[in-house]
Amino acid sequence: MASAKPAGRLVVVSNRVALPRQTAAGGLASALRAALQERGGLWFGWSGKLAAETASEVHQMRDGKVDYATVDLSRADHEDFYTGFANGTLWPMLHYRPDLVDYQRTHLDGYLRVNEIFAERLRQLIRPDDTIWVHDYHLIPLAAMLRRLGVKNRIGFFLHTPLPAAGLLIALPNHHELLETLASYDLVGVHTRRDLRALEDYFLHEAGATMHAGGRLRMPEGRQFRAAAFPISIDTEAIAEAAQRAVSNSEITQLRNSMEDRELIIGVDRLDYSKGLHQRFEAYARLLERAPELHRRIIFLQIAPPSRGAVLEYRQIRRELERSAGHINGKYAAPDWAPIRYINKSFPHQLLTGYYRTARVGLVTPLRDGMNLVAKEYVACQDPDNPGVLVLSRFAGAAQELTDALLVNPADTEEVADALERALKMPLAERRERWSAMMDVLRRNDITLWRNTFLQALRR
Ligand code: GDG
């Protein structure tokens, strides 16, 4: 790294905290934990527990050089802040779904209230030379609240979702009040150049900001901040090695045996309307309809662990997909073959890497996605001698980097069916070529580069 090692701790703030020895830690969690271990730090956020009162106490623990501080939420605050505003209003809006936005003033009030309580609790734990890194749409106003409490530290923010164009953002009630608080950060990071353009456009045309040297945005009252794109990635080498080891697991052998000599198409997504699962099922059905020669030759395995069950749309999509999978199997299955295997539960990550490697096609077709790490993981898990093909939505941030995938519009049933057919029939030489080009991208930009680049930019 060019610049000298930073002084002071790193303080990571996110809604959920990946506590030590929690097994479900994903790639992001381990990347942040590694950064905290490296320079010493604090991870602050919600404990994941409900209590009679929000943040009545701060639970603290220490693991090596890392302190963890978490607070409980009251049931009412959790409903307003997390279920109501974060996931009922912001998530659909940020994923270009104003039709699904459920806006209630009480939810916004709860969101601001919880952010305020987080800011107050966090302020007591901050030291003057700490660098603070806040994550995601749950905590947009946190820096503004910390500044009001006198915090002068460098504070960065990273948005893990897409950011839609200003024309859509202004449909969000109170958008000025909420989005302009981003100016209280020193650095705002998004995944792609498209998200960055949307952010700049909003600030220049809706918030009265002006653009200055070095990409600085200056607000009418004088406060300046920077915004930039930092495409998140995965621990490429570690995941590739895990996949290589995983193929000898008995679960992977069982999957292989059950497939006989059929080709596997795999999808892995949280059960979320942004992931385009319904359209994906339709495209697969279309493929079966028009390519009878593929019947009994292919299996589509969709793993979709349920999430956010408290939000109505998530319960609806679950029912809808069960119907759709049942319908497709009912129509095309034979006594010894079912075209779809649809599973509503989560698996250990190590096992997923083996499933990815077993699949000839990775089918990743979100309608919108900030990045989509599954697409990157699928590529990293392939056997270099016999790699599979990634079919990827143009509207995932990952499509900006993985240009050697078969890129599709997820809403275009025919186009996705075409891509599936092409992927299944692709000759080895082309598969290898596309895969190495994508693997080069992932070796160059891995999760370590992502966090180092962000933190370095935040120091400037
Ligand atoms: C948000 C943004 C952005 C999935 N099923 C299981 C499991 N997973 C893991 C995957 C992957 C992660 O969860 C999912 O990450 P994605 O990026 O695909 O999607 P979101 O959860 O929506 O993430 C997204 C990301 O934040 C990071 O900024 O890319 O755009 O929406 O790592 O492998 N892990 C385990 N069991 C499962 O069943 N253990």
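In this predicted model, helix α10 meets helix α14 through a set of residues on each side. From α10 come Glu282, Ala283, Tyr284, Arg286, Leu287 and Arg290, and they face Thr413, Glu414, Val416, Ala417, Asp418, Leu420, Glu421 and Leu424 of α14. By class, this contact comprises 7 nonpolar, 1 polar and 6 charged residues. The two helices, spanning residues 277–290 and 413–425 respectively, pack at an angle of about 65 degrees, and their axes lie 8 Å apart. The crossing of α10 and α14 is right-handed.

Rolling a probe the size of a water molecule over the atoms shows where empty space is left. The structure contains 3 cavities of 30 Å³ or more.

The largest cavity has a volume of about 100 Å³. Its lining is formed by Tyr96, Pro162, Thr192, Arg194, Asp195, Arg368, Asp369, Gly370, Phe395, Ala396, Gly397 and Gln400. These lining residues divide into 4 nonpolar, 4 polar and 4 charged.

Around it stand Leu94, Ile140, Phe157, Leu159, Leu163, Leu179, Leu182, Val188 and Leu199. By class, the lining of this second cavity has 9 nonpolar residues, with no polar and no charged ones. The lining of the largest cavity, by contrast, includes 4 polar and 4 charged residues.

Definitions and conventions. Residues are numbered from 1 along each chain as its sequence is written. This is a predicted model: local features need pLDDT of at least 70, side-chain atom pairs count only at pLDDT 80 or more; totals for chains, interfaces and linings use all residues. Side-chain values use heavy atoms; hydrogens and water are left out. On a 1 Å grid over the protein atoms alone, a cavity is a set of points where a 1.4 Å probe fits but cannot get out, and a pocket is an open set with protein on both sides within 12 Å along at least five of seven lines; lining residues have an atom within 4 Å of a point. Grid points are joined across faces, edges and corners, and a volume is the space filled by probe spheres set on the points. Ala, Val, Leu, Ile, Met, Phe, Trp, Tyr, Cys and Pro count as nonpolar, Asp, Glu, Lys and Arg as charged, and the others, Gly among them, as polar. Axes are lines fitted to C-alpha atoms, for helices over the stretch in contact, and angles run from 0 to 180 degrees between N-to-C directions. Helices (H or I, at least four residues) and strands (E, at least two) are DSSP runs, numbered from the N terminus. A crossing is left-handed if the near helix is turned anticlockwise from the far one by less than a right angle, and right-handed if clockwise. Contact means heavy atoms within 4.5 Å.
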